[in-house]
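My notebook is open and I am about to look through a structure. I'll write down what I look up as I go.

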Amino acid sequence: MRARAAEARRAAVLGSPIAHSLSPVLHRAAYRELGLDDWSYDRFEVDEEALPGFLEELGGEWAGLSLTMPLKRAVIPLLDGISTTAASVEAVNTVVLTDDGRRVGDNTDIPGMVAALREHGIEQVESAAVLGAGATASSALAALARVCTGEVVAYVRSAERAAEMRRWGERLDVTVRTADWADAERALRAPLVIATTPAGTTDALAAAVPERPATLFDVLYDPWPTELAARWSAYGGAVVGGLDLLVHQAVLQVEQMTGRSPAPLAAMRKAGEHALARR
């Protein structure tokens, strides 16, 4: 999948709220390294209601879009096609405008998660635990379908969320067992724990980190480290952070939108770390 060839090109991240997004920092760093001086990458506050009009107004200079909440599912009916990866979780975070003018959606969160885990030496685990049951949790299950050979236990707050996670498990061919959030401390003894919850949600679990923790993948990047990640690291456990995920999924976006590969992961990570340090 390649963006149309031209000199001055545009890309952007859309969502609501969007002011916090690090995507412009990462993509612009990639453009600098790749010598794409005529490329620009911006952010736009766009909700579900405004999305159709925004897409219709895009001109031929546009190469692609990154999407965050609440647009990852809302965009699907507005596209000409989506990848099998995006279809597997009914969520699109990347739109590429192709040579023939089509809008094609993909999901780079899932392979981004897998790549972030592999960068930290996690190729395969026998079991895993997922904290939370939102949109990111379904992407986590899709990633675990590629790295986990056994059961995944999802810790959730309601019967409705539990049923939803089991449905995703069936769809993604992952063995999912659900447990009540009140028992979430048990999750911390899994070979791999993926925390997909909003900021502050897992703070109370930090005191329960075992003496020899395995691997924690906390998808948050601001604030960082979370209390859970800090305690995990202090006890010698391996920690994969939200910036790892953000950089790896952005690398794939840059490659798809620009047609240039490999994207400069190290430069993108450095730019992201610098931006976070200034917040």
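**Entry 1: labels.** Before I use any H or S names, I note what they mean: helices (H or I, at least four residues) and strands (E, at least two) are DSSP runs, numbered from the N terminus. I also remind myself that this is a predicted model.

Entry 2: I started with the strands. In general, strands of a sheet pair through backbone hydrogen bonds, either parallel or antiparallel. Here I found an open sheet of six strands with mixed pairing, and I wrote its order down as S2-S1-S3-S5-S6-S4.

I then checked some pairs. S1 and S2 are parallel and share seven bridges. One pairing I looked up there is arginine 9, whose bridge partner in S2 is tryptophan 39. S3 and S5 run antiparallel, with three bridges between them. Serine 66 has threonine 94 in S5 as its bridge partner.

Is S1 mostly buried or exposed? Six of its seven residues are buried, so the rest of the structure largely encloses S1.

I also looked at H8, which lies across S1, S2, S3, S5 and S6. H8 runs at about 15° to S5.

S8 and S9 run parallel and are joined by five bridges. In that part of the sheet, I see valine 152 standing opposite valine 176 in S9.

**Entry 3: the largest pocket.** How much space lies in the largest pocket? I noted about 1,200 Å³. Its lining has 45 residues, and those nearest the centre are Thr68, Met69, Lys72, Thr136 and Val219. The elements giving two or more residues to the lining are strand S3 (62-67), helix H4 (109-119), helix H5 (135-147), strand S8 (152-156) and helix H8 (242-258). H8 gives the most, with five residues. Sorted by class, I get 20 nonpolar, 19 polar and six charged residues in the lining.

Entry 4: As a rule, most residues other than glycine have a negative phi, and most peptide bonds are trans. I went looking for exceptions.

- The peptide bond from aspartate 222 to proline 223 is cis, with omega near 5°. I found proline 223 in the loop between strand S11 (215-218) and helix H7 (227-234).
- Serine 261 and proline 262 are also joined by a cis peptide bond, with omega about 0°. Proline 262 sits in the loop between H8 and helix H9 (265-277).
- Glutamate 90 has a positive phi, near 50°, without being a glycine. It lies in the loop between H3 and S5, and its 35% relative accessibility makes it partly exposed.
- Aspartate 173 is not a glycine either, yet its phi is positive, about 60°. I placed it in the loop between helix H6 (159-172) and strand S9 (176-180). Aspartate 173 counts as exposed because its relative accessibility is 73%.

**Entry 5: two single residues.** Is threonine 85 buried or exposed? With a relative accessible area of 17%, threonine 85 is buried. Threonine 85 belongs to helix H3 (residues 84-89). Leaving out residues up to four places away in sequence, it touches Asp106, Asn107, Ile110, Pro111 and Arg146.

Last, I looked up glycine 101, in the loop between strand S5 (94-97) and strand S6 (103-106). Glycine 101 has 42% relative accessibility, so I put it down as partly exposed. Glycine 101 and glycine 60 are 41 residues apart in sequence, but C-alpha to C-alpha they are 8.1 Å apart in space.

Methods
Residues are numbered from 1 along each chain as its sequence is written. This is a predicted model: local features need pLDDT of at least 70, side-chain atom pairs count only at pLDDT 80 or more; totals for chains, interfaces and linings use all residues. Side-chain values use heavy atoms; hydrogens and water are left out. On a 1 Å grid over the protein atoms alone, a cavity is a set of points where a 1.4 Å probe fits but cannot get out, and a pocket is an open set with protein on both sides within 12 Å along at least five of seven lines; lining residues have an atom within 4 Å of a point. Grid points are joined across faces, edges and corners, and a volume is the space filled by probe spheres set on the points. Ala, Val, Leu, Ile, Met, Phe, Trp, Tyr, Cys and Pro count as nonpolar, Asp, Glu, Lys and Arg as charged, and the others, Gly among them, as polar. Buried means under 20% relative accessible area, exposed over 50%, partly exposed in between (1.4 Å probe, protein chains only). Two strands pair if DSSP finds at least two bridges between them. Contact means heavy atoms within 4.5 Å. Axes are lines fitted to C-alpha atoms, for helices over the stretch in contact, and angles run from 0 to 180 degrees between N-to-C directions.
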